[in-house]
Amino acid sequence: MTLRLGDTAPDFEQDSSIGRIKFHDWAGDSWVVLFSHPADFTPVCTTELGLTAKLKPEFDQRNVKAIALSVDPADSHKEWIKDIEETQKTVVGFPIIADADKKVATLYDMIHPEQSATATVRSVFLIDPAKKIRLQLTYPMSTGRNFDEILRVIDALQLTDKHTVATPGNWKDGDDVIIPLTVQDPEVIKQKYPKGFTAQKPYLRLTPQPNK
């Protein structure tokens, strides 16, 4: 199954470290970061889940729920969580999907045969409250993800959803933003961007970040 930006994230029901989960019901009105891992107890995955656990206050502030996945069973996840909490000095406050039958991995195309025929690659799906896929990232098994980048994209998407702006390269929260090319009328610009803007080029107009 090929998933594209703007598609509805497939719903599923699957076991997890906290019991049976119906994905859309569990997500509710929150944003969701769904991310897969090759296997339990592997060192790169352990650091990633530790980082995610430590970022819970940042996710909560942005109305984001995290949920992980690997193809190991729920009992293995529960033992792995103990190991993560001990080695990473944190508390894992999010579920890990037990995708032993690979149902979810197949729905979300998380198994790439040239990497592994059985284990998932490091996929990331950012899903908004309307259950639309807003971001997809795929990392190789040997490379841990940059969770600062995931937070950065969440900030950018939530800002641009609220205001008619776009974000430049390497943008981070607090930086100036861009007036889209679709907004050309001077009166509309004056109304939408009362803080003013800097016209570096006719096609690039930077405006101070709107208040969230």
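User: Which side chain does the side chain of R134 make a polar contact with?

Analyst: A polar contact is a pair of N or O atoms within 3.5 Å; within protein, one must be able to donate a hydrogen and the other to accept it, and residues adjacent in sequence count only if both atoms are side-chain atoms. Here, the R134 side chain pairs with that of D128, at 3.1 Å. Keep in mind that this is a predicted model, where local features need pLDDT of at least 70, side-chain atom pairs count only at pLDDT 80 or more, and totals for chains, interfaces and linings use all residues. Residues are numbered from 1 along each chain as its sequence is written, and side-chain values use heavy atoms, leaving out hydrogens and water.

User: What else does R134 touch, not counting residues up to four places away in sequence?

Analyst: Contact means heavy atoms within 4.5 Å. Besides D128, R134 touches L5, W31, L126, L157 and D161.

User: Is R134 buried, exposed or partly exposed?

Analyst: Buried means under 20% relative accessible area, exposed over 50%, and partly exposed in between (1.4 Å probe, protein chains only). R134 has 22% relative accessibility, so R134 counts as partly exposed. Across the protein, 47% of the 212 residues count as buried.

User: Which strand holds R134?

Analyst: Strands are DSSP runs of E, at least two residues, and helices are runs of H or I, at least four, numbered from the N terminus. R134 sits in strand β7, residues 133–139. The protein has ten strands and seven helices.

User: How far apart are R134 and R4 in space?

Analyst: Their C-alpha atoms are 8.7 Å apart, while 130 residues separate R134 and R4 in sequence.
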